[in-house]
Amino acid sequence: SFLRFRLKPTIDLTKIFKPGESNSMRLKIPKKLTYNPTKIPGDNVLSASNLVRYSEICSSVWLESKLDSHHGSVGYYVDLDYKNPLYLDDNMTINSTVSEVKPGKIKYNIKITKSDTNELIGTCEQIGRASCRERV
């Protein structure tokens, strides 16, 4: 049978997170996350959609690691400024820092850098919330 969950705020995030707390992750860019806009061999770059995806993963997995099994996270706003490309086999570091936390909402400032040079790749702002999973 099909199971759906209704998400409703039931947890106070200010009791779990404080502004300034951060989480980071590193990732080597595999071919499946790239595209080649020039069609020139070797020009495979990380797609912006995958940069957003992994920025969100860095924050949401961290949030969910602090929640009980009855709660999940929902991201509802992402603003990405992708400044420099990442190529196939580059290593990136994503650092997510809590910039604001309210009982039902959390905002992250995310910085993406090339791991070996610390070159700024992009910045991202993400807003999410934790909600109770309830059968409908």
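Student: Hi! Before we look at anything, what counts as a salt bridge here?
Tutor: Hello! A salt bridge is a side-chain nitrogen of Lys or Arg within 4 Å of a carboxyl oxygen of Asp or Glu. This is a predicted model, where local features need pLDDT of at least 70 and side-chain atom pairs count only at pLDDT 80 or more, while totals for chains, interfaces and linings use all residues. Residues are numbered from 1 along each chain as its sequence is written, and side-chain values use heavy atoms, with hydrogens and water left out.

Student: Okay, which residues are linked in a network of salt bridges?
Tutor: Glu 100, Lys 102, Lys 105 and Lys 107 are.

Student: How many salt bridges does the whole structure have?
Tutor: The search finds 5. One of them joins the side chains of Lys 83 and Asp 81, at 2.8 Å from N to O. Lys 83 is partly exposed at 42%, and Asp 81 is partly exposed at 36%.

Student: New topic: how many cavities of 30 Å³ or more are there?
Tutor: The count is 1. On a 1 Å grid over the protein atoms alone, a cavity is a set of points where a 1.4 Å probe fits but cannot get out, and lining residues have an atom within 4 Å of a point. Grid points are joined across faces, edges and corners, and a volume is the space filled by probe spheres set on the points.

Student: What volume does the largest cavity have?
Tutor: About 50 Å³.

Student: Which residues line the largest cavity?
Tutor: Among them are Glu 56, Leu 63, Val 74, Tyr 108 and Arg 129. Helix H1 (48-65) and strands S5 (71-82), S7 (105-114) and S8 (120-135) each supply at least two residues of the lining. Helices (H or I, at least four residues) and strands (E, at least two) are DSSP runs, numbered from the N terminus.

Notes. 1 Å grid on protein atoms, 1.4 Å probe; cavity = no way out; pocket = protein on both sides within 12 Å on 5 of 7 lines; lining within 4 Å. Buried < 20%, exposed > 50% of the residue type's maximum accessible area, 1.4 Å probe, protein only.
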